[in-house]
Amino acid sequence: MTMLTFDPFLRDFDRLTKQLLGTTLGTATRPVVMPIDAWREGDHYVVELDLPGIKPDSIDVSVEHDTVTVKAERPAATEERNWVVAERPYGVFSRQLFLGNSLDADKISANYSDGVLRLSIPVAEAAKPRKIAIETGAHKAIDA
């Protein structure tokens, strides 16, 4: 049986090592993932992405085929600081959402407020439920 011990020095040392070696930093080749919530509201989907402290002009939302890509960047502090704690990640944040054919990628809207990016993605007209009219009377011949 192995007994685990808690050592706050080792925990802080591990965190510092990760920061110095870049394992908690986002780069263009290894972006930090941003958390999301998604749900359906009527005939559209809502996706919210947490981006606290990100300036709106550093957020990029793009659509290619059936994929929405959200990228943002939080720059590292440029001035010299006497750090006590540095846990917030900086660098490039990225998230891709695969839409499928049932959503209308041409009509996506985006709003950024209070550190939350909200995407509204409408359901495509062809994917919405619809009623089929029923005709009465004699059957019509179907052309082959």
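In which sense do strand 1 and strand 2 pair, and over how many bridges? They run antiparallel to each other, with six bridges between them. Keep in mind that this is a predicted model. Overall, the protein has seven strands and one helix, and the order from the N terminus is α-β-β-β-β-β-β-β.

**The hairpin**
- Strand 1 covers residues 36–41 and pairs with strand 2.
- Two residues sit between strand 1 and strand 2 in this hairpin, and Gly42 has a positive phi near 65° there.
- Look for His44 in strand 2, as that's the bridge partner of Glu41.

**The nonpolar core**
- The largest nonpolar core is made up of 18 residues.
- Leu49, Leu51, Val70, Leu117 and Leu119 have the most contacts inside this core.
- At least two core residues come from each of strand 2 (44–50), strand 4 (67–74), strand 5 (91–98) and strand 7 (116–122).
- As general background, nonpolar side chains tend to be buried together in soluble globular proteins.

**A look at Leu119**
- Setting aside neighbours within four places in sequence, Leu119 is in contact with Tyr45, Val46, Val47 and Leu49, among others.
- Its contacts also include Val61, Val68, Val70, Leu97, Ser109 and Ala110.

**The whole chain**
- The protein has 144 residues, and 24% of them count as buried.
- Take the contacts between residues at least 6 apart in sequence: 51% of them join residues at least 24 apart.

Terms used. Residues numbered from 1 in each chain as written. Predicted model: local features only at pLDDT ≥ 70, side-chain atom pairs only at ≥ 80, totals over all residues. Heavy atoms only, no water. Core = buried A, V, L, I, M, F, W, Y, C linked by side-chain atoms within 4.5 Å. Buried < 20%, exposed > 50% of the residue type's maximum accessible area, 1.4 Å probe, protein only. Helix = DSSP H or I, 4+ residues; strand = E, 2+ residues; numbered from the N terminus. Contact = heavy atoms within 4.5 Å. Pairing = 2+ DSSP bridges.
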